[in-house]
Amino acid sequence: MTEHTLLSQAQQCLLEPAELQLDHLRQNIARMMQHQADDADLYFQHSVHESFVLEDGIVKEGHYHVDQGVGARVVHGEKTGFAYSDELSLPALQQAADAARSISRQGQDIQLKTPVMARGHQLYGSDNPITSMDTADKVAWLRKLDGWLREQNPAIHQVVLSLAASHQTILIANAEGMQVADIRPMVRFNVQVVVERDGRREAGRGGGGGRYDLQRLMNGDLPWTFCRQALDQALLNLEAQEAPAGPMTVVLGPGWPGVLLHEAIGHGLEGDFNRKGVSAFANRMGEAVASSACTVVDDGTLAERRGSLNVDDEGTPTQQTVLIENGVLKNYLFDRQNARLMKQQSTGNGRRESYAHPVLPRMTNTYMLPGEYAPEEIIASVKDGLYAANFGGGQVDITSGKFVFSASEAWRIRDGKLCEPVKGATLIGDGPSVLQRVSMVGNNLELDAGVGVCGKDGQSVPVGVGQPTLKVDELTVGGTRAGG
Amino acid sequence: MNSIQHTQPQALDATQILQREADLHEAVALALESARKQGADQVEAAASLDAGLSLTCRLGEVESLEHHRDMGLGITVYFQGRKGNASTADLSARAIRECVQKACDIARLTEADPCNGLPEAEWLADTPRELDSWHPLNASMEQLIERTLACEQAGLAADPAIRNSEGASFSSHQGISVLGNSLGFTGTSRGSRHSLSCVLIAEDDHGGMQRDYWYDTSRNADMLEAAEAIGRRAAERTTRRLGARTLATCQAPVLFTPEMTRGLLRQLVGALSGGNLYRKTSFLCDSLGQPLFPNFVQIHEQPFLPGALGSGWFDNEGVATRERAIIDQGQVAGYVLSSYSARKLGMESTGNAGGTHNLTLDPGEASPEALLQQMGTGLLLTETIGHGINLITGDYSQGAAGFWVENGQIAYPVEEITIAGNLREMFASVQAIGNDVDARASTRCPSLLLGPMTIAGQG
């Protein structure tokens with residue numbers, strides 16, 4: 001689909017029902033710029049979200065949510081004025097524009113910029129995934145998976161399945177005259193299994209999705225794989241013993257364990273924290289912050305991935321940005337404001353949860369490139385350590401650099417072999433030094449299944465992570481079993 | 001200097017919100033009526049309007065000014081036990097009718113669950129109470145900026161080790177919500193909430209940086225702690241973390257500050273909440289009447305405290321809230337249930353759809369200093385990070401920071417450690433409760449001294 005068709009579709013969805021024209025946007029941006037601002041933009045958004053939940057063998061709940069609105073932002077040096085309206089009309093737009101511009105000084109008239117239609121990638125289709133499958137079929141799919149899963153093991157006590165789809169139309173106009181639209185589909189399937197045996201209960205979780213439609217998600221092997229993984233995880237944890245406590249060699253599995261990169265270095269390389277000098281990575285450009293085996297990128301251009309975008313939420317096309325190359329810190333992640341203040345170019349990482357939230361520099365899909373070792377070789381090299389195949393979430397203090405992530409599926413490694421499973425435990429490390437302890441990088445790069453949600457300043461956005469199998473020579477494992 | 005240009009003398013106009021209250025009632029009435037016309041046998045609708053602002057000043061300048069205004073309507077319909085839910089941010093009559101239509105469409109496709117439905121009529125609240133929750137902001141933008149700048153300035157000036165800042169922020173929200181259902185319940189709640197916070201960065205001579213913060217929150221902006229005091233407290237909390245080191249792996253008692261105790265109580269409420277109980281995803285299934293804490297521990301709900309952040313006379317379904325014990329003399333005295341989870345468990349709703357109301361851990365006699373003395377040698381926990389809590393088993397493993405305490409005295413700051421244990425054992429191990437209640441949230445609690453936990457660190 002061409003950018004022209006996208007723009008006219010977005011106009012039809014967002015502007016026409018409100019009797020707004022592109023000229024109204026330009027006039028309001030000119031008003032916002034009158035106060036000698038550096039930048040101003042308007043972000044129109046319409047989003048529809050639908051989900052169904054199956055529990056106790058029946059699809060007992062469904063939700064449908066429609067949201068729309070416009071966010072107005074004025075940027076003046078380090079200052080930002082921001083206002084939004086969930087009503088789309090010319091008076092509401094003007095009110096938001098006036099509120100946003102109160103951040104900067106009174107100024108003079110400025111010239112209206114000639115509109116420039118911007119060009120983004122074409123990484124995903126624009127069709128509405130909610131209507132890509134009959135509602136009755138969605139319900140039937142959930143029942144079918146539930147029936148199949150319950151037959152797999154008598155220990156299954158509870159199955160909760162959900163199927164969600166959303167469709168967003170956005171239109172961005174800014175002070176440079178740029179006008180750009182994007183239509184963003186997203187689908188997601190989730191499963192939680194609770195198992196019970198001999199009075200002990202555990203849960204396992206699985207799921208995934210991306211920027212495509214429900215037919216693609218449900219008609220392949222994926223849903224069955226996610227269900228199987230959730231069950232295996234729950235059964236494994238029924239057998240799990242106390243996790244060790246203290247520093248040890250940790251091997252991280254491929255794919256979602258890349259949440260390590262997201263927490264340990266990704267957040268610390270976001271432009272706002274580095275401009276303000278509050279990140280543990282500030283002023284370290286060009287320094288070795290990882291072992292030479294590590295090359296880490298952020299890439300918003302992967303087709304149909306959860307973290308991908310044709311353009312970011314400021315209209316900048318996304319790109320692949322090398323964060324760390326052979327261990328050396330190469331780039332930060334930028335939105336327009338922080339790039340301007342640090343005399344850099346935006347890397348297409350300006351993102352926002354919705355029209356009601358201001359733009360922040362955020363990650364897209366963050367992953368480490370593959371190395372030379374076979375995963376079995378890496379495990380065989382460990383005399384005594386932990387193998388963590390899957391994780392829950394993580395968190396980082398970007399100033400001290402300390403980060404955590406919580407294992408949800410782990411085994412003890414003894415003499416190069418996977419031994420007993422151990423309970424979930426939090427792993428804690430230091431962002432600027434943990435990658436310096438990566439001594440082996442696998443040849444098996446995997447991206448996660450499409451489950452990541454990243455939170456920053458109270459805003460959630462979808463992201464992806466990935467990595468090959470990695471060996472970290474020392475990381476602190478937060479189990480209960482000291483000296484074990 | 002800053003020169004903020006604005007057209008309104010008041011930063012937020014509360015009268016505008018109050019004028020819209022009638023619109024919210026109309027929206028709810030229209031939604032109920034449309035759903036009945038569609039054939040729904042039960043229906044519930046909630047409409048809300050919230051307006052606010054947040055102002056951040058950093059390094060002596062206004063950094064950002066955000067204006068918020070959110071409106072929404074949610075509708076839930078039931079057709080013989082089948083349920084559909086839809087919501088919209090557009091409160092026009094056309095959008096409301098579409099939203100109702102969508103909810104009904106969904107209900108027709110879902111399957112009947114006998115536990116679905118509105119609360120039983122006798123559970124509904126019928127006594128409106130004035131809870132002193134409405135104190136709209138009464139300040140000009142200049143005054144807010146002055147107050148926020150003063151907060152950060154006091155922090156920056158407090159100690160030469162404070163070398164950077166993430167700024168001081170003032171945020172203010174005031175909102176109205178109206179809930180109605182087809183059993184004839186209508187309830188309106190009005191609430192304001194204001195907070196002032198400050199986040200500072202300290203740096204030592206080796207380039208090691210630490211960040212910490214302080215804040216206050218209140219229904220009434222005039223009741224907030226003085227701006228300068230908040231800035232100074234943030235500075236003190238930040239600089240005292242400089243030079244933090246890790247610990248050798250060990251077992252030691254842990255003293256939770258009031259803010260950390262709040263996190264523990266949140267886990268307790270999660271484990272006692274109906275959703276986790278009927279799914280059996282809690283380690284506290286069938287725990288009613290069982291001992292969980294030592295017998296000096298009392299935890300209860302106080303929904304009618306005037307001016308408190310968690311007060312309300314009805315829950316998200318219109319069920320009457322109650323003053324009641326959750327933990328009485330250390331034993332589990334009540335679950336945390338909505339109508340649905342109550343029916344699943346064969347019980348009555350406890351008025352907790354949407355959460356607890358001023359959950360309170362009763363304070364003890366001991367000052368924070370006395371608790372340090374009682375602990376002797378151990379960890380004073382001031383921060384946890386991560387998501388390492390498994391409510392099904394109670395297994396607990398979190399990243400931590402705080403202070404190592406020796407002979408009742410703070411010895412040095414610690415970081416890059418984890419604390420681990422099991423919530424059941426942690427609750428049973430409570431040694432003492434402090435007298436230092438933190439009431440800056442819906443959950444009100446003091447410091448809590450726990451028995452030994454596993455602390456993991458390097459070495």
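Reader: Strand 14 of chain A and strand 22 of chain A: parallel or antiparallel?
Author: Parallel, in this predicted model. Strand 22 covers residues 459-467, and the pairing runs over three bridges.

Reader: Which residue stands opposite A:G466?
Author: That is A:Y367.

Reader: And strand 9 of chain A with strand 14, parallel or antiparallel?
Author: Antiparallel, over three bridges. Strand 9 spans residues 296-299.

Reader: What is the bridge partner of A:V297 there?
Author: A:Y367 in strand 14 of chain A. A:Y367 also stands opposite A:G466 in strand 22.

Reader: Are the residues of strand 14 buried or exposed?
Author: Buried, on both faces. A:N365 and A:Y367 are on one side. A:T366 and A:M368 are on the other.

Reader: New topic. How many residues of chain B are in contact with chain A?
Author: 63 residues of chain B, and they meet 66 residues of chain A.

Reader: Which strand of chain B gives the most to that side?
Author: Strand 2 of chain B, residues 61-79. It gives 10 residues.

Reader: How many on that side of chain B are nonpolar, polar or charged?
Author: There are 29 polar residues, 17 nonpolar and 17 charged.

Reader: What about strands across the two chains? Which strand of chain B pairs with strand 2 of chain A?
Author: Strand 3 of chain B, residues 82-88. Strand 2 of chain A is residues 58-76. They pair in the parallel sense, over four bridges.

Definitions and conventions: Residues are numbered from 1 along each chain as its sequence is written. Chains are lettered from A and ligands numbered from 1 in the order in which they are written. This is a predicted model: local features need pLDDT of at least 70, side-chain atom pairs count only at pLDDT 80 or more; totals for chains, interfaces and linings use all residues. Two residues are in contact if their C-beta atoms, placed from the backbone, lie within 7 Å. Ala, Val, Leu, Ile, Met, Phe, Trp, Tyr, Cys and Pro count as nonpolar, Asp, Glu, Lys and Arg as charged, and the others, Gly among them, as polar. Two strands pair if DSSP finds at least two bridges between them. A residue is buried if 20 or more other C-beta atoms lie within 10 Å of its own, exposed if 12 or fewer, and partly exposed in between; C-beta atoms are placed from the backbone.
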